Amino acid sequence: MHRIRTTVVRLRPIAAPQTAKSQSQARLAAVGGALRTFQPMRSYTASVSAEPFLNGTSSNYVEEMYYAWLENPRSVHKSWDIFFRNANAGAPPGAAYQSPPPLGGAALGLANAQAMVGVQPNVEKLVEDHLAVQSLVRAYQIRGHHVAQLDPLGIMAAIDPGPPPSDIITSNDKLDLSGYKERLYDLTAEEFYGLDESDLDKVFRLPTTTFIGGSESTLPLREIIQRLEMAYCQSIGVEFMFINDLEQCQWIRQKFERPGIMQFTLEEKRTLLARMVRSTRFEEFLQRKWSSEKRFGLEGCESLIPALKTIIDKSSMNGVESIIMGMPHRGRLNVLANVIRKELDQIFCQFDSKLEAADEGSGDVKYHLGMWHRRINRVTDRNITLSLMANPSHLEAVDPVVQGKTKAEQFYCGDTGGNRVMSILLHGDAAFAGQGVVYETFHLSDLPSYTTHGTIHVVVNNQIGFTTDPRVARSSSYPTDVAKVVNAPIFHVNADDPEAVMYVCNVAAEWRATFHKDVVVDLVCYRRNGHNEMDEPMFTQPLMYKQIKKQKGVLQKYAEKLIAEGAVTRQEYEEEIAKYDKICEEAHARSKDEKILHIKHWLDSPWPGFFNMDGQPKSMTSPSTGLPEEELEHIGHIASSVPVEDFTIHGGLSRILKGRAAMVGQRVCDWALGEYMAFGSLLKEGTHIRLSGQDVERGTFSHRHHVLHDQNVDKRICIPMNHIAPNQAPYTVCNSSLSEYGVLGFELGFAMASPNALVLWEAQFGDFHNTAQCIIDQFICPGQAKWVRQNGIVLLLPHGMEGMGPEHSSARPERFLQMCNEDPDAYPKFSAEEFAVRQLYDCNWIIVNCSTPANYFHVLRRQILQPFRKPLIVFTPKSLLRHPDAKSNFDDMLPGTHFQRLIPDSGSVCENPDGVKRIVFCTGKVYYELTRERKHRGMDNTVAIARIEQLSPFPFDQVKVETDLYPNADLVWCQEEHKNQGYYDYVKPRLRTTVDRTRPVWYAGRGPAAAPATGNKAAHLVELQRFLDTAFNLDAFTGQS
């Protein structure tokens, strides 16, 4: 109503020349930003109800026309000129209208027009018609993509049934003006905003929300429809009207609506043809040479290659120096060859079944491998680094990994705006709609600690998923609808129109450079073969594949178009084909000379300078991880203070900081302070640390408090860890979105970028890693074996049976231990000096369950100081965070000290080892329950308790020392987890191997169960006491074999 009222008051009689000057200045000042701002200044005596045409949306249009007239009376239709002059002369708006003179009659002068003020015109019809045109324009902008010619097969309507929008003119021949009569006949009255055939040649003033006029402000309806059809209903369908930013919407309108905007130079067309030749002939060459091999070719979407190269060219032009890409298997070899520029002979030799594998790991199939390459971009003549990430068959799993690596590269080169490093993600249509990690990754896109400042998503829309039709694979109209959650514009394009593809990719790259937001390019194409080259698609999609068999290839169609235009000759086209075929043949000949397959040639994340030239560690020693006492005291002082003036913290936090200060004075530390010591010292030494996860800033259990919040000033925070030393590395601690799969993948990617950073992901509770299992199983555990790619990521998983129920109790250690690559039946043959470091080097990951803050401190520092990188899985405590016995003395953290893989019993059992009847091996929190029970029973001299702190690789050598020390003791493994869970099945064969199977290994713990823990507190305590009784009953296993 405010707009209606202000529109009315602005029509009060005023002097046009006087007003135009001041009002037009305000108007023109806002035009550049596509906004118009006016201040209501006058009142009007006529009631709004008396002038119905000023109600509702009509007022918007009248307001636009009025201020256009104020700026220049000639800019509006003559009827509006007379109307506003009459209104200014005092006539009510309903009486101010005068019909324009007939075309064949003499023009009336202004005086004659003013003399006819009293005539009552039908201004409502004029306003309604203009509003109808405005609604028509908006209808095309919103829904034009539904009737665009997107599907190269012409079967999209069958796949995604539903009538086209009734307010958009549709026909097979979009620009056949003679067809308007019949089409308008069906769209008159209610369905076409009241416009009919007689309005086709009427001239209408264009609204400010369209750019179809170019330099013209008025157009006949016929031309308006023609231009809207050209903009929105050809080979490109644009979805953008859901975006809630006017500037961004206007930007997109300009890119697609301006007349003649899709024009290409002769050179651009010839380049596009050459790229299409390479893309197409590469697949044809592979099909000729290896017709029975799976390669997941690109046939049916060959325009993907020029699409990616266009994005890269445009991005390079905008200053981008590094691009990280992730993609599924379809088309990967083509992208490696023609985009990344992997040597063709290296690709072709992958098809040789006789090629020997180098001793570098298990390797992976050719269509999962990645690549890193730095080259000159031929279009911009600038250096650009391209990295295609290796990834498993698990579709979309690589998405957050790519984003994390991109974020890391931006961080290390100081690219705070994403101007130099960017990411491109390729997707399949079925996976883009079906995989939840896509949604998780999108929701990281604008978070401060996770944004990569815009990703270009390219969907290879085959209109099928393996054998599944879209109509049973998704509920949305398009596979790309998920992108709307972050206001990413979606550009659908017919992949059989290479020029449209090229234009859309240019716009996508410009969008990313302009707004640093995500954008989606949906390449609507088809899959000429089955899911792979050996698959028969006619079983399940007979009609689709009958149409595909008839389909002429996109290269042939485009070549014929350019030949017809005279852009190239048929001879030139054939020469281009012969030229690339020769390149492929020569590379194929060279590939036959390859004898060994080196996985390291496919490395996607090299670490220059970290390894020797042959990729080996520069040393095989692990230095002491201890620190001087003065450094421990300094870090402890920072941890217990607020290094910012006039900063008010919570009273409860003040007590926590005072407690830390007291511990530093007593030369002890708890778990939180031990972590502080490790982090602070590494930061001081120049190692960047990034800690991410749900609620990590405070800590799930309110123990960490690495980010302090001013109690009086909103959003004012202090991170004391960034005040350790003047030249320290930065510390990034960030609460993540409530996602595990996406966020863990992101942190894994971040850790790939550099070996000189400690990257940690903490689960809110240990079992929350369940929903990130794909990242753990497919990337973290086998990553080095498959892709020769080391990674030092740290997983912090809170674990422990605390009587809190089945959830939040177990971090499922059995799963991690099962995936260790260590042989439980073979005692490692290493020298004593290098036993520990050799084990670490050979393992696929390190698994620890620390029982002391000092050991946690050491293992975190060892993760950076050791000469190679391995993933580290830490089962962190919950109750031990505040357990009075779970504290460490500074003496355990001084120079010369190391991480203890096994902590032996140092009590009274050492005085008479021969008298010890039982040695109980355990790990983690249960140690403190065992020692309490032993003391209660007075068995300190007869039962030894040893803590295995590092479970993988298993400390065979140190366990052997313990078992040899107590020759008369039976061996018991005690755990608080159920027998079919936890560590027992992992530890038992290794203990047996250690003692050369001369002694049995008994079990003390909970019995087998389906759930990780009971939900009843009383039952929990009964179970605890039961297995403690077993552990200390020296006759418990008598008679058992």
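**A helix and what follows**

Just after helix H24, Gly686 has a positive phi of about 100 degrees. Before going on, a word on where this comes from: the model is predicted, local features need pLDDT of at least 70, side-chain atom pairs count only at pLDDT 80 or more, and totals for chains, interfaces and linings use all residues. Residues are numbered from 1 along each chain as its sequence is written, and side-chain values use heavy atoms, with hydrogens and water left out.

Back to H24, which covers residues 671-684. Helices (H or I, at least four residues) and strands (E, at least two) are DSSP runs, numbered from the N terminus. H24 has 14 residues and spans 20 Å from its first C-alpha to its last, close to the 20 Å expected at 1.5 Å a residue. The expected span is 1.5 Å times one less than the number of residues in the helix.

How much of H24 is buried? Buried means under 20% relative accessible area, exposed means over 50%, and partly exposed is in between, using a 1.4 Å probe and protein chains only. In H24, 13 of the 14 residues are buried, so the helix is largely enclosed by the rest of the structure.

**The whole chain**

The chain has 34 helices and 28 strands. It has 1041 residues, and 58% of them count as buried. Contact here means heavy atoms within 4.5 Å. Taking contacts between residues at least 6 apart in sequence, 79% join residues at least 24 apart.

**A covered strand**

Next is strand E8, residues 421-428, where 8 of the 8 residues are buried. Both faces are covered: Val421, Ser423, Leu425 and His427 lie on one side, and Met422, Ile424, Leu426 and Gly428 on the other.

Which strands are joined to E8 by bridges? Strand E4, residues 322-326, runs parallel to E8 and is joined to it by 5 bridges. Strand E9, residues 455-461, also runs parallel to E8, with 6 bridges between them. Two strands count as paired if DSSP finds at least two bridges between them. As background, strands of a sheet pair through backbone hydrogen bonds, either parallel or antiparallel.

E23 pairs with E25, residues 943-948, in the antiparallel sense over 2 bridges. Within that pair, Leu902 stands opposite Ile948.

Axes are lines fitted to C-alpha atoms, for helices over the stretch in contact, and angles run from 0 to 180 degrees between N-to-C directions.

**Two helices side by side**

Now helix H25 and helix H26, the latter being residues 773-780. Their axes come within 8 Å and cross at roughly 30 degrees. H25 and H26 are therefore roughly parallel to each other. The cut-offs are under 35 degrees for roughly parallel, over 145 for roughly antiparallel, 65 to 115 for roughly perpendicular, and oblique for the rest.

From H25, the residues Tyr741, Leu744, Gly745 and Leu748 meet Cys774, Ile775, Ile776, Phe779 and Ile780 in H26. These contact residues divide into 8 nonpolar, 1 polar and no charged. Nonpolar covers Ala, Val, Leu, Ile, Met, Phe, Trp, Tyr, Cys and Pro; charged covers Asp, Glu, Lys and Arg; the others, Gly among them, are polar.

Ser736 sits in the loop between strand E17 (731-735) and H25 (741-753). Is Ser736 buried or exposed? Ser736 is buried, at a relative accessible area of 14%. Beyond its neighbours within four places in sequence, Ser736 contacts Tyr450, Ser692, Gly693, Gln694 and Val743.

Asp129 is in helix H6, residues 123-143, and counts as buried at 6% relative accessibility. Its contacts, again leaving aside neighbours within four places in sequence, are Leu195, Asp199, Lys202 and Phe204.

Last, Phe264 lies in the loop between helix H10 (246-257) and helix H11 (266-289). Phe264 is buried, with a relative accessible area of 15%. Phe264 and Met502 are 238 residues apart in sequence, and 9.7 Å apart in space from C-alpha to C-alpha.
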